[in-house]
Amino acid sequence: MATATDIKPLPPEDNSLSRELREDTIFKRFFLSPTVIVLLLLSIFPLLWSLGVSFTNFQRNAAQQAAQAAGTAEPSGFLGLGFDLTLENYQRVLTDEHLHVTARNTLIYVFLGVTVQYAFGLGLAALINQNFFGQTFFRLVFILPMMITPVAAGYLGRMMFEKAPPSALSQLLSTIGRAIGNPTLNIPFFTDAGWAPITMVLIDSWQWIPFMFLLLLAGMQAIPEEIYEAARVDGANNWQQFWGITFPILLPISLTAILIRGLELFKLVDIVRVTTGGGPGIATEPLVMYVFRTALDFGNFGYAAAISYILLVLVIVFSTLFLAISRRIQRSQLGVE
Amino acid sequence: MKKYSLTGRIATYAIAIFWAFICIFPLYWLFTTSFKPPLAVSRVPTYFPYIGATEDMPVIINGSFFRPTLDHWNFLFGEQQEQTLRHLRNSVIAAVFSTITSTIIGAMAGYGLSRFRYYWARLGWKNDNIAFWIISQRFLPPATIVVPFIIFYGALGLIDTHFGLILAYTSFNLPFAVWIMRDFFNTLPIDLEESARVDGATRWQAFARIVIPLSTPGLVTVALFSFVFSWNEYLFSLMLTNYNALTMPVYIAGQNNTRGVEWWYIAALTMVMVAPVMFIGLFLQRYITRGLVAGALKS
């Protein structure tokens with residue numbers, strides 16, 4: 001790519017061009033700096049501050065009380081300064097059962113969600129990738145759930161799965177129940193500690209299978225038809241073509257799609273908030289929810305920051321492992337080919 | 001193209017129709033619930049509006065039909081109008097302004113990263129490192145930075161202001177905007193700008209008059225994603241607003257706690273929230289695919 005900045009420094013007598021170079025330097029800073037400033041201020045700086053706060057015993061209520069005692073309107077020491085440095089938060093992390101349960105819930109969401117969404121997305125993409133009448137229509141319908149607000153998806157989940165008010169599903173279940181002689185047949189989608197996390201994954205999957213579907217479909221449509229023709233000449237059936245050609249070619253895009261969804265699932269909170277509110281007990285509470293509960297309900301900013309760093313560590317470990325594994329898979333794939 | 005047997009074809013349609021049903025039915029349920037009289041929600045599941053129903057008919061007809069009513073919509077835009085419109089307006093303000101700022105700033109950075117060579121000597125970073133650093137911010141869990149946001153917004157008086165929310169959403173949307181726009185500008189031939197420059201246009205004129213008009217598809221993709229993200233965002237609106245700037249998702253999620261769940265009312269409210277995004281999405285769906293594919297393939 002040839003840009004004006006590629007030009008080597010010019011002899012000083014050529015005034016017009018060296019002025020242009022100088023302009024370009026200003027110009028190029030002007031273009032990138034707003035982004036860099038916004039990200040430094042609103043992303044990097046809070047990230048570091050959060051790390052700092054996680055090593056303090058910063059409590060909002062304590063800050064307010066201190067302000068009242070001092071008679072100042074604005075709480076002094078408000079910014080997390082003037083609090084004692086402590087390792088307590090991270091010691092508490094090790095023994096906090098609540099944290100361990102919420103971390104486990106988050107990991108369940110990530111791994112189960114990604115698996116379900118990838119499997120269905122792949123199947124549906126293969127389905128729509130065939131040539132049949134109505135292909136475009138079905139494609140459009142299949143991506144509808146993705147366009148809904150997650151809070152709305154949560155409410156839809158309740159409308160579908162809850163027993164009261166009676167839903168189509170509960171009616172179906174009781175019909176089946178009567179038929180098999182068990183009139184009280186019922187699945188406690190939201191009230192059973194074993195079922196509830198699965199229900200969360202189902203609702204999230206309903207919304208995000210379309211994401212996998214769209215990406216994988218785009219990947220499939222980019223595969224040239226000649227490859228399949230060659231395979232058919234060799235006598236490969238549809239099944240063999242799919243696993244021998246389509247799946248390996250889709251591997252890079254699959255891994256990226258899985259990584260993106262996995263990282264998004266670490267952030268899952270809205271659906272849980274409107275369906276179970278974290279319950280029964282804390283059986284569906286994700287880490288993100290524990291963070292904001294600790295911060296908002298208990299005002300314990302220090303510990304909330306520490307938990308949020310545990311979340312960050314999990315995210316980093318997940319993506320690092322994932323990238324390492326996917327690199328290995330891709331390399332072995334190339335080796336086979 | 002491939003040929004399929006009749007049974008294969010039937011199976012294809014069966015699965016496609018089944019999955020289409022799973023996608024559409026909850027949306028249909030939401031839509032109809034907003035027109036159902038409360039009894040038709042809480043007694044038995046009712047499936048279809050009875051067209052031609054009159055006022056003196058019972059609300060549940062024949063077990064699965066209901067007499068449609070506009071009561072909830074009238075309530076929403078009558079008695080509750082002030083509340084509904086306020087939260088709707090908050091959502092529109094937060095989404096529109098954060099979309100504008102992140103699209104403009106993002107397009108500038110994308111252009112810079114595509115056309116110039118940067119070198120941050122202290123870090124030893126070149127264009128690719130900078131781009132990767134920017135996109136990596138998108139995957140940072142927002143919960144990790146929420147505590148400092150509460151602390152600093154509290155100190156600066158930004159809690160519960162539109163400006164505060166717009167600022168936060170801009171920073172969330174920016175990485176994606178930069179990524180997509182850089183990608184887009186990379187595919188745009190540089191010759192056009194250069195010939196304009198030869199004709200005496202300044203760098204800025206070349207950017208504003210040649211590059212920007214040509215990059216409408218990229219800008220639409222970025223704007224669409226930014227708008228939808230800000231429109232749907234929940235966590236930061238929950239943490240940083242409480243009344244004046246409270247957006248629709250938090251408002252609707254809050255309906256959870258009031259005396260019993262009034263499903264018919266929530267359904268109408270949810271319709272108001274999802275309809276704009278859904279229409280935008282359906283009309284601009286080719287941009288969605290492009291945005292997703294560009295976002296995924298290149299990262």
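Begin by selecting residues 263-283 of chain B, which form helix α13, where helices (H or I, at least four residues) and strands (E, at least two) are DSSP runs numbered from the N terminus. This helix has 21 residues and reaches 29 Å from its first C-alpha to its last, close to the 30 Å expected at 1.5 Å a residue, the expected span being 1.5 Å times one less than the number of residues. The model is predicted, so local features need pLDDT of at least 70 and side-chain atom pairs count only at pLDDT 80 or more, while totals for chains, interfaces and linings use all residues. Residues are numbered from 1 along each chain as its sequence is written, and chains are lettered from A and ligands numbered from 1 in the order in which they are written.

Now move along the helix to V274(B), where α13(B) has a kink of about 35 degrees shortly before the proline P276(B); the bend is the angle between axes fitted to the seven residues ending at a residue and the seven starting there. Among the buried residues of α13(B) are W263(B), W264(B), Y265(B) and V274(B), a residue being buried if 20 or more other C-beta atoms lie within 10 Å of its own, exposed if 12 or fewer, and partly exposed in between, with C-beta atoms placed from the backbone. To see what these buried residues pack against, show α6 (150-161) of chain A together with helices of chain B that include α1 (6-33) and α4 (81-115).

Next, colour the two chains separately: 79 residues of chain B are in contact with 78 residues of chain A, contact meaning that the C-beta atoms, placed from the backbone, lie within 7 Å. On the side of chain B that touches chain A, the largest share, 13 residues, comes from α1(B).

Within chain B, select domain 1 (6-74) and then domain 2 (76-297), bounds that come from an automatic or database domain assignment. Their C-alpha centres lie 35 Å apart, and 10 residues of domain 1 of chain B are in contact with 10 residues of domain 2 of chain B. On the domain 1 side, α1, α2 and α3 of chain B each supply at least two of the touching residues.

Finally, go to D160(B), in the loop between α6 (143-156) and α7 (162-187) of chain B. Most residues other than glycine have a negative phi, yet phi of D160(B) is near 65 degrees, a positive value. This residue, D160(B), is partly exposed, with 15 other C-beta atoms within 10 Å.
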